[in-house]
Amino acid sequence: MEHCMRQLDIKKKYLITGSAGFIGFHLAARLLEKGARVVGLDNLNDYYEVSLKEDRLRLLEKYGNHSFIKGDLADKEGVLALFERERPEVVVNLAAQAGVRYSIDNPDAYIQSNLVGFFHILEACRRYPAEHLVFASSSSVYGGNEKVPFATDDPVDRPVSLYAATKKSNELMAYSYSKLYGIPATGLRFFTVYGPYGRPDMACCKFARKIMSGEPVQIYNNGDMYRDFTYIDDIIQGVENVLCNPPAPDSLGARCRVYNIGNSRPEKLMDFVTILEKYLGREARKEFLPMQPGDVYQTYADVSDLVRDFGFRPATSLDEGMKRFVGWFKEYYGYEETV
């Protein structure tokens with residue numbers, strides 16, 4: 001498929017839900033920079049600091065081809081009205097309640113956003129047909145799978161967190177709507193994504209803040225963990241390649257596919273900490289702890305089908321990506337340069 005892959009069509013209108021989020025913001029910026037029309041939707045919830053989301057949106061304001069609506073996917077009438085008014089040709093659903101550990105104490109937020117909200121997106125795509133629905137799934141669906149690398153045809157029916165269960169549910173819901181109503185849909189199982197304007201609850205920002213303030217960094221499973229860290233620019237290129245290439249029908253007539261999107265090169269957690277220390281110029285105080293509920297030992301993506309179908313080839317090393325992240329982190333949060 002790679003040889004006949006369609007490039008981004010800047011004449012189309014793209015709706016990005018979760019456009020004030022980490023991946024949503026970077027995707028919107030990429031599409032706007034290329035001249036596409038982008039409509040963003042986000043509820044600006046306070047799961048993490050709203051000021052960061054607002055700063056991301058401010059960076060998008062310079063584009064005349066961008067419009068933003070503050071709204072919630074759980075508001076069905078609002079979602080349907082948005083689709084009726086805007087008639088997006090490509091829909092990218094990145095809005096979701098994020099975080100594995102947060103789902104243990106706050107399950108309601110995940111049901112409303114990740115299940116009810118996604119249902120409303122599917123209903124809107126049914127009533128106001130889009131050419132392609134691309135939606136965020138997660139590497140969390142692999143749960144405690146021990147076979148590596150994780151492949152999309154591996155069994156994923158034993159989620160170890162509610163967050164993972166909602167993401168697998170999204171894949172099932174998308175398939176049924178594709179079969180029943182002809183909605184072309186592609187799910188992307190994101191592995192650990194990092195980079196500038198990243199989420200404060202993710203390891204990069206959390207560790208960097210603690211290292212700079214002299215607080216101990218909590219390292220789970222005594223540091224014996226692996227993550228498939230993927231730099232944001234590589235992720236965005238992969239998503240961009242998918243947007244204008246909806247799946248062909250399968251044997252049942254459903255136009256629905258799921259892909260892993262990750263670096264396919266898991267890094268040891270302690271190596272990640274060492275690189276972070278190098279660019280911050282500080283040594284971390286380390287607090288070693290056992291594995292936490294809902295966490296997994298390693299994530300490792302088999303992305304061979306994404307490479308085959310969309311030419312996906314991550315090019316940013318962890319060292320280079322962390323260097324760029326730390327440069328942004330120090331500037332954004334006002335830390336003085338440390339030699």
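At roughly what angle do the axes of helix H1 and helix H2 cross?

## Basis of the model

This is a predicted model, in which local features need pLDDT of at least 70, side-chain atom pairs count only at pLDDT 80 or more, and totals for chains, interfaces and linings use all residues. Residues are numbered from 1 along each chain as its sequence is written, and side-chain values use heavy atoms, with hydrogens and water left out.

## Helices H1 and H2

The axes of H1 (residues 22-33) and H2 (residues 50-60) cross at roughly 5° and come within 10 Å. H1 is therefore roughly parallel to H2, a term for angles under 35 degrees. Axes are lines fitted to C-alpha atoms, for helices over the stretch in contact, and angles run from 0 to 180 degrees between N-to-C directions. Helices (H or I, at least four residues) and strands (E, at least two) are DSSP runs, numbered from the N terminus.

On the H1 side, Phe22, Phe25, Ala28, Ala29 and Leu32 meet Arg56, Leu59 and Leu60 of H2, where contact means heavy atoms within 4.5 Å. By class, this contact has seven nonpolar, no polar and one charged residues; Ala, Val, Leu, Ile, Met, Phe, Trp, Tyr, Cys and Pro count as nonpolar, Asp, Glu, Lys and Arg as charged, and the others, Gly among them, as polar.

## The sheet

Seven strands form an open sheet in the order S3-S2-S1-S4-S5-S6-S11, with parallel pairing; two strands pair if DSSP finds at least two bridges between them. The edge strands, S3 (66-70) and S11, each pair on one side only. From one strand to the next, the twist averages 20°.

Strand S5 (residues 132-138) pairs with strand S6 (residues 185-190) in the parallel sense over six bridges. Serine 137 stands opposite arginine 189 in S6. Helix H5 (residues 107-127) packs on the sheet, touching S1 (13-17), S4 (90-93) and S5, and its direction makes about 165° with that of S5.

## The cavity

The structure holds one cavity of 30 Å³ or more. On a 1 Å grid over the protein atoms alone, a cavity is a set of points where a 1.4 Å probe fits but cannot get out, and lining residues have an atom within 4 Å of a point. The largest cavity has a volume of about 40 Å³, the volume being the space filled by probe spheres set on the points, which are joined across faces, edges and corners. Phe22, Val193, Tyr194 and Phe325 are among the residues that line the largest cavity.

Terms used:
Parallel < 35°, antiparallel > 145°, perpendicular 65-115°, else oblique. 1 Å grid on protein atoms, 1.4 Å probe; cavity = no way out; pocket = protein on both sides within 12 Å on 5 of 7 lines; lining within 4 Å.
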